[in-house]
Each structure stands twice: as structure tokens, then as C-alpha cells.
Amino acid sequence: MRVLGIETSCDETGVALYDSDRGLIGQAVYSQIELHAAYGGVVPELASRDHVRKLLPLLQEVLEQAGVRPREIDGVAYTAGPGLVGALLVGAGVGRSLAWVWQKPAVGVHHMEGHLLAPLLEEPAPSFPFVALLVSGGHTQLVEVEAVGRYRLLGESVDDAAGEAFDKTAKILDLPYPGGPELARLAERGDPGRYRFPRPMTDRPGLDFSFSGLKTYTLNALREELAARDDREQTRADVARAFEEAVVDTLVIKCRRAVREMRVGTLVLAGGVSANRRLRERMERMMRDEGGRAYYPRPALCTDNGAMIAFAGYQRLAAGQHEPLAFSARPRWPMDSLAAV
Amino acid sequence: MRLLAIDTSGSACSAALSIDGVISQRLEHAPRRHGELILSMMDDLLRAQGLAVTDLDALAFAHGPGSFTGLRIAAAVAQGTAFAAELPVIGISTLATLAQGCRRERGASRVLSAFDARMGEVYWGIYVADDQGLMRPMVDDSVCAPEAVPLAPMSGETPWFAAGDGWRAHADVLQRRVGPLLDQGLDLADADRVCESQDILPLAEDAFRRGQVVSAYAALPVYLRNRVASVPPRSEPPGPPLR
């Protein structure tokens with residue numbers, strides 16, 4: 001079965017083709033980072049306007065890459081939510097219309113389910129059940145995954161997502177947009193021993209997160225240290241390092257707690273922030289110590305992409321799930337309301 | 001000629017099919033439900049005639065101006081449909097479509113189309129019927145404050161029809177603006193008129209005959225309003241400048 005996947009929920013236009021026998025056979029992503037950089041964040045209207053220009057050229061590129069004719073596609077999956085409504089409707093409208101003309105089934109996919117299942121595209125793939133940490137600019141969630149479509153939210157951020165905290169703190173450090181990866185680069189040059197920042201909400205039970213206080217703490221620390229010292233560049237790097245250590249440590253502590261509580265030996269990392277090198281290393285080490293294993297996809301499958309939507313869509317289409325001749329966007333969509341497969 | 005037209009630019013959602021000039025239409029007043037309805041309307045119309053999408057000569061859509069999200073829904077559906085069925089696409093102005101509806105229902109030959117564009121502005125077009133009864137623009141469609149809408153020579157034998165909800169939101173200002181140019185008065189009965197896909201068809205058929213078609217890739221909205229975001233002032237860095 002060949003499934004076309006379309007992702008347009010935020011600031012990346014993604015298209016991919018998944019073949020159940022051969023795996024990923026084509027994929028292309030266009031990132032709007034430069035478009036939004038001047039505004040210091042994603043402008044929803046500009047994002048939507050760009051998706052409607054970029055989607056078909058990407059589709060053509062993917063078909064050529066895969067050497068597949070449109071009639072050889074067996075189903076279409078598009079991100080139906082959560083995300084920006086105007087942006088989602090572009091992918092949904094194009095995707096649902098393609099399927100209508102091709103007379104093939106279509107399915108609206110939950111964006112976070114896409115992220116969550118993306119590690120299954122890799123070899124070796126994790127097996128169920130597992131605990132997943134979804135970390136991106138919009139989400140920080142711990143999810144218990146029994147099978148495709150059987151998700152239970154264990155904990156989530158009560159304020160900023162981890163990626164959002166990275167981006168906002170990067171802004172404080174005067175790093176270019178989007179700051180998360182830039183902050184990680186700056187932190188490489190930082191001395192891990194110079195500052196120790198708090199690990200929010202780790203001193204109490206539970207699996208929720210909070211990162212907005214840490215961001216404020218970082219702002220204040222930076223102000224004080226810059227005023228008190230001469231080594232500006234090193235201080236910035238040291239502060240970035242202390243911030244990154246605090247976020248990574250917090251995520252590791254909560255993940256350890258979750259795998260212990262759920263008594264599972266498999267942890268899956270997904271979402272844009274899971275491309276962070278330090279986070280991956282620390283999670284791998286932690287899971288080894290726990291006698292288990294951590295899984296994460298290659299960086300291209302961590303950030304938003306069409307491949308994860310094609311794959312999640314395939315799971316649902318293969319189980320006979322599909323949608324009527326209509327499309328809609330679901331900006332807020334609790335993941336535990338999804339149907340089992 | 002076999003043409004299918006769609007419009008999701010405003011509060012109504014519609015699709016219309018023309019087979020050698022015989023027209024059928026589906027229309028529903030359906031704010032924010034365009035995505036739920038539009039494809040089944042298209043499917044219904046084709047099924048009723050025993051046709052497949054690939055039997056069409058072209059696909060037409062109302063490309064704007066109008067609700068940004070609505071315009072993108074029509075463009076996305078036009079793109080997906082035309083790409084998959086390998087059809088040429090024709091984009092038609094919503095202001096022209098509205099004027100054409102005024103022509104069809106009320107016999108208007110001169111129409112001032114105005115949609116409420118919010119933010120104190122209107123989308124504005126001036127349309128006059130040609131000898132085939134097709135509404136042609138006298139000025140380019142525009143977005144501007146009602147007191148500054150572009151004008152054209154408006155004297156003549158027949159009255160002007162004022163169509164579209166821009167005339168409900170800004171009737172006084174618009175009338176003051178165009179009043180001095182009119183010598184046959186202004187018919188204000190069409191302020192609640194909305195776009196209907198059947199009125200895209202005659203304009204699209206004409207465009208098709210003239211070869212004014214594009215590929216699916218170029219089926220894009222015409223927003224008119226392009227200032228949609230402003231660059232924020234750079235935030236103050238903490239303490240002394242960092243660089």
C-alpha cells in the first residue's frame with residue numbers, strides 16, 4: 001500500500017510517500033524559517049499563504065523522486081490538527097481533493113501521533129508498549145503508548161513547551177530566530193560547572209513540566225552576570241549551557257520516573273527538540289542504566305515532515321479507517337480521543 | 001463545454017456545473033463549514049449528470065478578494081482537483097462574480113461591487129456589461145478606505161446597482177463618494193447579495209475560449225490585502241548590549 005502524506009500544520013510544508021513494502025520512497029520538506037525570521041516568530045497568515053504556493057511543487061518533486069504515477073497511490077493522509085487552522089486547511093483541502101479525484105481513501109492525521117510513530121520508520125524500531133516524550137516548539141508531553149491509537153497522556157507542560165522555552169531563551173541571549181538550535185550550539189562552548197539552574201517541578205511527584213519560570217530565571221541570571229563580569233561571550237555560553245542542562249536534566253528525570261511507573265523498558269523521543277544532541281545522549285544513558293533502551297528518529301524525521309503523516313495515515317488506512325468526502329481542521333485535538341487501530 | 005465552478009470566499013458555499021450552457025448549482029449559507037461541504041457539492045453535481053471530474057474541460061474558482069481562509073479553501077480544492085484530474089484552471093474575481101449575479105437576477109448592466117474588508121476598508125470593483133452580457137471591470141479590483149475608492153465615468157442612461165455587504169457596512173460614505181457622478185441614481189437593494197458559483201460560469205467560459213487558463217500550480221488566491229503582518233521593533237537586550 002502506498003500512502004501520500006501531507007503536513008502543513010505550522011511553518012513547514014512537508015510531502016512524502018510511504019510504501020508498506022519498501023518504506024519511505026520519496027519525501028520533501030520546505031521550511032518557512034526565513035519567511036518568519038524578521039517577525040521573531042511564526043505569523044499564521046503568512047504561513048498559510050506560503051503553504052498554498054509550495055504544496056503542489058513539493059508533491060510533484062516527491063512523485064518524481066519516487067518514480068510513482070499518481071494512479072499508483074492507494075490513499076492520502078494529511079495533518080488535520082492540532083496546529084494553525086488556516087495552514088491546516090491548505091493541506092487538508094489539497095489532500096482530500098486529490099483523494100476524491102483518484103477515488104482513493106483519505107484520512108486526517110493527528111500531528112502528534114505522526115511525531116510519536118515516526119521512530120517506527122527507523123531500524124531497529126521500538127516495539128509496543130512504550131513511553132514517549134513528545135518535545136517540540138508547541139508541545140511537551142509524556143504519553144503511554146500501548147499500540148497505534150492507544151495513547152494515555154501521563155503529563156505535559158503547564159506553561160511553555162520545552163522548544164518554546166529554548167526559542168524564548170535564545171531571544172534573551174540575542175540569538176537569531178529560531179533560536180533553539182542556535183542556543184544548543186552556543187551551549188557547546190559553555191562550561192557546565194559554572195552555573196546550576198533549577199530543575200522545575202522535579203522536587204514533587206507527578207509527570208507534568210513547567211519551563212516558563214526557568215526562562216525568567218535565565219533572564220535574571222544573564223542580567224546579573226553580564227553586569228558583574230567582563231567575559232561577555234563566555235558568560236553567554238555558560239548561561240546557555242546551564243539552561244540547556246536544566247531543561248535536559250528535567251526531561252530526563254521525568255522520563256525516568258515515567259518508565260519506572262509504567263514498568264516499560266522502551267522510551268521513544270519525538271518532536272523537534274528530540275534532535276537535540278545532549279538530550280539524546282542523556283536519555284540513552286539513562287535508559288541503559290534502567291536496563292532498557294531509548295529510540296529516536298533521524299533529525300529530518302524529528303522536525304515537522306510529511307513522512308510521519310504518511311506513516312501514521314498508513315496505519316489508519318490499513319485498518320480500514322478513512323474519512324467522508326469532507327475536510328476540516330482541528331486546532332485543538334486531545335490525543336487520547338483518537339480511535340484505536 | 002463542461003465547466004465546474006466553486007466559491008468559498010464568503011459566508012456562502014457553492015458549486016455550479018455547466019454542460020453546454022445548461023447550469024446546475026448547489027449553494028448553502030454555511031459560515032466556516034466550506035471544507036465540510038464543497039467536495040460533496042462538486043461530487044453531487046457531477047454524479048447527477050453521470051460525469052467524472054476528468055470529463056470536464058476546466059475547473060473555475062472564485063479567487064478573491066474575500067475571507068483569506070475561504071479563498072485558500074477554494075484554491076486548495078482547485079489545486080488538488082486540477083492536479084489529479086489534469087485540468088486547466090480559471091480564477092475569477094469575486095467582485096465580478098457578484099456583478100454577474102446582479103446581471104442575472106436583476107438585469108443590471110452597471111454594478112458597483114463592494115465587500116466589507118474589515119479594518120475600515122472595502123474590496124471594490126466597478127463593472128459594466130459588454131454586448132454579450134458579461135460584466136467587465138472599468139477599474140482594477142482594489143482594497144481601500146470607502147472614502148477613497150477608485151472612480152470611473154459613471155454618467156449614462158441606466159442606473160447603477162450597488163451590490164455586496166460593503167454597501168451595508170459603509171453605505172453613507174460610499175454614497176457620498178459616488179453620488180456626484182451618478183445621473184440615474186443608485187439601486188441599493190443588493191447589499192445582501194452574495195457570490196454564487198453559477199455566476200462564475202459565464203465569465204469562466206469566456207476566459208476558457210480566450211485561452212486564459214492556468215495550471216493547477218498557479219491556482220492561487222488573489223487577496224488584494226497584502227499587508228498582513230508588521231515587523232516588531234527589536235526587543236531590548238537585557239543589560240548592556242550583547243554584541
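**Figure 1. Buried residues of helix 5 of chain A in the predicted model.** In this predicted model, helix 5 of chain A spans residues 162-172, and its buried residues are A:Ala162, A:Gly163, A:Ala165, A:Phe166, A:Thr169, A:Ala170 and A:Ile172. An α-helix has 3.6 residues a turn, so residues three or four places apart point the same way. After helix 5 of chain A comes A:Asp174, which has a positive phi, near 65°.

**Figure 2. The interface of chain B and chain A.** Contacts are made by 42 residues of chain B and 41 residues of chain A. Together the two chains bury about 3,500 Å², and carbon and sulfur atoms account for 68% of this area. The rule finds eight residue pairs in polar contact across the interface, both residues being at pLDDT 80 or more. On the side of chain B that touches chain A, helix 1 (34-48) and helix 2 (68-85) of chain B each supply at least two residues. Helix 2 of chain B gives the most to that side, with 13 residues. By residue class, the side of chain B that touches chain A comprises 26 nonpolar, ten polar and six charged residues.

**Figure 3. The salt bridge between chain B and chain A.** One salt bridge is found by the rule across this interface. The partners are B:Arg72 and A:Glu45, whose closest N and O atoms lie 2.9 Å apart.

**Figure 4. Surroundings of A:Arg49.** A:Arg49 belongs to helix 2 of chain A, residues 44-66. With a relative accessible area of 5%, A:Arg49 falls under the 20% limit and is therefore buried. The side chains of A:Arg49 and B:Asn226 are joined by a polar contact of 3.0 Å. Leaving aside residues up to four places away in sequence, A:Arg49 touches B:Phe68, B:Arg72, B:Tyr223, B:Arg225, B:Asn226 and B:Val228. Of these, B:Arg72 is also the residue that forms a salt bridge with A:Glu45.

**Figure 5. Aromatic pairs of chain A.** Over all chains, the count of aromatic pairs comes to ten by this rule. A pair of aromatic rings is described by the distance of the centres and the angle of the planes. For A:Tyr18 and A:Phe311 the ring centres are 5.1 Å apart and the planes meet at 80°; because this angle is over 60 degrees, the pair is edge-to-face. A:Tyr18 lies in strand 2 (residues 12-19) and A:Phe311 in helix 11 (residues 306-318) of chain A, so the pair ties together parts that are 293 residues apart in sequence. A:Tyr195 and A:Phe197 form a tilted pair, at 6.4 Å centre to centre and 35° between the planes. Both A:Tyr195 and A:Phe197 are buried.

**Figure 6. The loop position of B:Asp131.** B:Asp131 is located in the loop between strand 7 (122-129) and strand 8 (135-137) of chain B. The relative accessibility of B:Asp131 is 78%, which is over 50%, so the residue counts as exposed. Between B:Asp131 and B:Ser109 the C-alpha to C-alpha distance is 10.0 Å, and the two residues are 22 residues apart in sequence.

Note on methods. Residues numbered from 1 in each chain as written. Chains lettered and ligands numbered in written order. Predicted model: local features only at pLDDT ≥ 70, side-chain atom pairs only at ≥ 80, totals over all residues. Heavy atoms only, no water. Contact = heavy atoms within 4.5 Å. Buried area = accessible area lost by both parts, 1.4 Å probe. Salt bridge = Lys/Arg side-chain N within 4 Å of Asp/Glu carboxyl O. Polar contact = N/O pair within 3.5 Å; in protein donor to acceptor, adjacent residues only side chain to side chain. Helix = DSSP H or I, 4+ residues; strand = E, 2+ residues; numbered from the N terminus. Nonpolar A, V, L, I, M, F, W, Y, C, P; charged D, E, K, R; others polar. Buried < 20%, exposed > 50% of the residue type's maximum accessible area, 1.4 Å probe, protein only. Phe/Tyr/Trp six-rings, centres within 6.5 Å; stacked < 30°, edge-to-face > 60°.
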